[in-house]
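Here is my note on this model. Please read the points in order, with the structure open beside you.

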Amino acid sequence: MLEITHLRKSFAGFVAVNDVSLTVESQQIAAVIGPNGAGKSTFFNLITGHLRADTGRVVLDGRDVTGLPPYRICGLGMGRSFQLTNIFPRLTVLQNVQAALMAHRGHGRDFWSHSETLFRDDAEALLASIGLGAVAGETAGTLAYGNQKQLELGIALASDPKVLLLDEPTAGMSAGETHDTIALLRRIALERGLTLLFTEHDMAVVFGIAQKIAVLYQGRKLAEGPPDEVRANPEVRRVYLGEHA
Amino acid sequence: MTISLIAAQFLSGLTTAMFLFLIASGLSLVFGVMRVLNFAHGSFYMIGAYMAWQVVTWLQPTGGAFWIAALAAGVSVAILGGIVERLLLRHLYGVEELYQLLFTYALVLILGDVAKYTWGTDQLSVHRPPVLDGSLQWLGTTIPFYNLFIILLGPAIAIIGGLVLSKSSAGRVLRAAAYDREMVGALGANVGMLYTGMFVVSSFLAGLAGALITPIESVVPGMDVQIIVDAFIVVVIGGLGSFWGTFWGAMIYGQTLSFGILAFPQFSVFAVFALMAVVLIVRPWGLMGRPIR
Amino acid sequence: MSLPLSRPMVRSRNASPRRVPWTLIVFLLLLPMPWIGSRYDTFLATQIIIDALFAVSLNLLLGTTGLVSFGHVAYFGVGAYVCGILMKTYGVSFVIAFPAAGLAAALFSLVFGYFCVRLTKIYFAMLTLAFSQIVWAICFKWDAVTGGDQGIADVPFPDMHWMAAIPGLDGLTENGRFYILTLTLAAICTAAMAQITRSPFGRMLTAIRDNRERAAFIGLNVRAYELTVFVVAGGFAGFAGALYGIYTRGVFPDYVFWTQSAQVMIMTILGGMNFFWGPPVGALVLDWLNQEITNYTQYWPFVLGSILLVLLFALPGGVVGGFNRAWVAVQRRRSRLVARDA
């Protein structure tokens with residue numbers, strides 16, 4: 001579903017991502033982990049088109065999307081939730097999702113319909129399915145952090161993606177919230193046949209849900225494989241145990 | 001095109017450039033550190049000019065009146081700037097940039113009428129200081145000593161300013177703040193004092209420039225609006241926030257004005273804005289600004 | 001001291017399911033002016049309507065899309081000059097000159113906008129300013145076509161004889177008829193802009209305003225949208241300019257100077273840029289104040305500057321914003337009382 005080959009990016013001499021390749025099968029749940037500064041965010045930004053890679057290719061569902069601008073990659077079926085909550089703060093929760101639906105379904109240049117009513121039912125249904133039905137009328141910027149992250153997910157889902165990239169989906173969450181979020185993700189992925197690629201610091205989450213894990217360290221891919229393999233990998237252990245107290 | 005004509009235009013361009021540098025440097029630095037584009041900078045310049053005229057008129061027969069007036073103009077405008085920043089502008093820092101811009105525009109409106117009310121609409125002028133009366137010949141053209149003084153003052157201030165920025169601790173904090181405002185605050189630097197100080201220095205320069213221009217150009221309502229556009233162009237060419245960029249931007253623009261008028265008298269007004277547009281399209285961060293794309 | 005601009009706004013742009021045809025209502029309310037008001041009133045009202053149209057077009061950029069343009073008067077000016085030149089110099093009928101003005105303005109905004117939308121924030125603002133001053137320079141210098149600094153005087157009224165055929169309108173003076181014509185055209189333009197604002201396209205624009213990056217990642221080509229709204233706004237500004245040139249019976253380079261962009265921006269924010277009807281309210285307040293105050297003093301800029309200060313520090317949501325806040329507060333109080341009694 002998602003084939004990344006030999007991706008490389010350097011900033012004025014500093015190599016942030018160094019020849020990283022990764023393949024994520026359809027409907028697989030994969031994770032990218034690594035200590036801070038390993039290049040995870042840069043890696044994600046390269047995949048979604050926010051940054052242009054020096055070399056390498058990104059192929060989404062058989063289609064080469066390398067070098068395309070983010071809005072095109074989104075249109076081709078890649079959704080993303082961002083590390084720092086990236087929603088439309090002055091719109092209501094409902095309007096946030098409606099906007100995403102409108103954009104995805106080609107109504108961006110619709111000058112005639114009414115933005116309040118278009119896809120309202122679908123938006124409400126989507127919100128209900130991720131547990132935000134109660135706050136649909138609230139202004140998005142006033143939501144609690146956890147709810148904003150849920151909304152973030154909702155917006156990404158509204159674009160009906162095939163692949164969903166999640167940048168630290170449980171960052172800043174309590175244990176309870178984390179558990180709920182992961183359960184939600186698992187359910188949604190199953191219901192919609194999504195392929196998930198996420199990055200995380202919470203190892204319990206990673207090893208709990210991922211079917212394939214890639215470890216980045218100083219821009220290079222250190223290891224890749226199913227959780228047990230990665231967990232037992234001596235280099236990975238050294239890198240992590242050396243970092244974590 | 002004789003040598004003397006070229007020399008004359010070149011010197012005229014240099015003089016203009018140095019004035020523009022004095023004015024634009026404050027504008028650029030304030031933007032670099034505080035991210036505020038101060039429309040009222042031209043108004044400060046104008047107030048400086050009027051203050052200089054006022055002080056000279058009061059001190060009329062006294063020797064050295066001009067220099068006292070110039071200093072007084074700089075200081076009084078600096079105080080004005082300090083009051084404006086402390087009492088008013090600082091309350092707008094957290095708000096949208098647009099509101100800060102509009103605030104400075106409100107100052108333009110208010111200060112413009114304050115000047116009109118205080119000094120009327122007649123053209124005022126100030127005599128050159130007697131010590132700088134006279135001129136010398138160079139390459140067939142006449143350079144007034146006063147212009148020469150200005151031409152030398154510009155680089156002098158540039159060098160002093162450049163040294164302060166690169167060597168002093170205040171300068172270091174300033175440059176860091178231009179890079180990352182919040183971080184500097186988190187590191188304990190008193191960002192509030194920094195901003196006020198920045199604004200005060202910038203206003204001083206504007207007021208001083210206004211005072212120094214009075215022997216060359218008459219003081220008249222509307223000079224605030226006129227100069228701010230020129231200052232904007234210089235700052236765009238040099239790069240918003242770059243001190244040395246402003247210097248070279250002023251040099252380029254000064255000579256463009258000088259020779260441009262010679263070559264295309266009809267199109268000078270048009271060309272000036274076309275130049276600004278071209279820079280923004282091709283290289284928005286100017287000569288020495290930080291690349292933004 | 002509250003400066004809530006970064007705060008989310010209240011449910012104001014959301015139309016209630018019952019759509020109230022505000023534009024029609026305002027149109028009908030303003031229609032009787034030539035009969036019930038004095039000649040002076042009608043004259044002032046014409047100006048207010050034109051300025052309101054201009055301000056609403058700016059707000060498509062400012063309030064809806066978050067684009068701060070300091071050069072919007074360029075398109076106003078293009079409209080004014082094109083219409084004025086066609087009607088005066090070439091004797092073209094208003095029926096052709098008016099649409100041509102809007103078209104010309106839209107064309108200019110297409111060319112200028114293409115370069116402007118590649119920049120953001122302060123650089124965007126400065127480029128719009130530069131282009132606007134280029135237009136001013138052309139109007140100021142191109143004596144042959146634009147009349148240079150003298151401008152073009154004696155722009156004629158449109159041919160409004162056909163209005164005599166409409167019952168009730170035959171008794172009106174030319175000024176009165178022009179008022180009706182202006183009101184009608186402005187109402188149509190405003191209705192169009194209202195529809196644009198409440199359409200899905202408008203929703204895309206507010207999404208872009210709220211979060212450009214996120215907007216790209218729901219699939220929007222942000223630059224294309226910004227350019228589109230830039231052209232639409234420019235076109236409507238051109239219509240406003242065309243009407244203004246006729247209203248003042250002349251077009252002059254002063255109309256295109258950058259301080260006029262600041263003026264319309266102040267109007268927009270004074271009324272409230274988060275509300276569709278904010279800018280017209282701002283135009284009303286500002287033009288009326290301008291007339292009143294210039295009767296007493298020549299220091300209108302001082303007054304305007306002071307108003308602006310008050311606006312920025314005490315009432316950042318503008319006049320309509322202030323009313324909206326008061327209304328919401330009253331509603332909240334009422335619902336609290338109701339809940340308490342329940």
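Why does P99(C) count as partly exposed? The first point answers this.

1. P99(C) has 15 C-beta neighbours inside 10 Å, so it counts as partly exposed. The cut-offs are these: buried means 20 or more other C-beta atoms within 10 Å of a residue's own, exposed means 12 or fewer, and partly exposed is in between, with C-beta atoms placed from the backbone. P99(C) sits in helix α5 of chain C, residues 94-116. Helices here are DSSP runs of H or I with at least four residues, strands are runs of E with at least two, and both are numbered from the N terminus. P99(C) and F239(C) are 140 residues apart in sequence, yet 7.5 Å apart in space, C-alpha to C-alpha.

2. A word on the source. This is a predicted model, in which local features need pLDDT of at least 70, side-chain atom pairs count only at pLDDT 80 or more, and totals for chains, interfaces and linings use all residues. Residues are numbered from 1 along each chain as its sequence is written, while chains are lettered from A and ligands numbered from 1 in the order in which they are written.

3. Chain B has 11 helices and 2 strands. Buried residues make up 50% of chain B.

4. Now the largest nonpolar core, with 277 residues. A nonpolar core is a set of buried Ala, Val, Leu, Ile, Met, Phe, Trp, Tyr and Cys residues joined through C-beta atoms within 7 Å. I23(B), A52(B) and L53(C) touch the most other members. Helix α1 of chain B (residues 3-34) gives the most to this core, 16 residues. Beyond its neighbours within four places in sequence, I23(B) has contacts that include H41(B), Y45(B) and A231(B). Contact means C-beta atoms, placed from the backbone, within 7 Å.

5. Last, chains B and C. Their contact takes 32 residues from chain C and 30 residues from chain B. On the chain C side, α6 (121-141), α12 (258-271) and α14 (300-314) each supply at least two residues. The largest share, 13 residues, comes from α6(C).

Note on methods
Contact = placed C-beta atoms within 7 Å.
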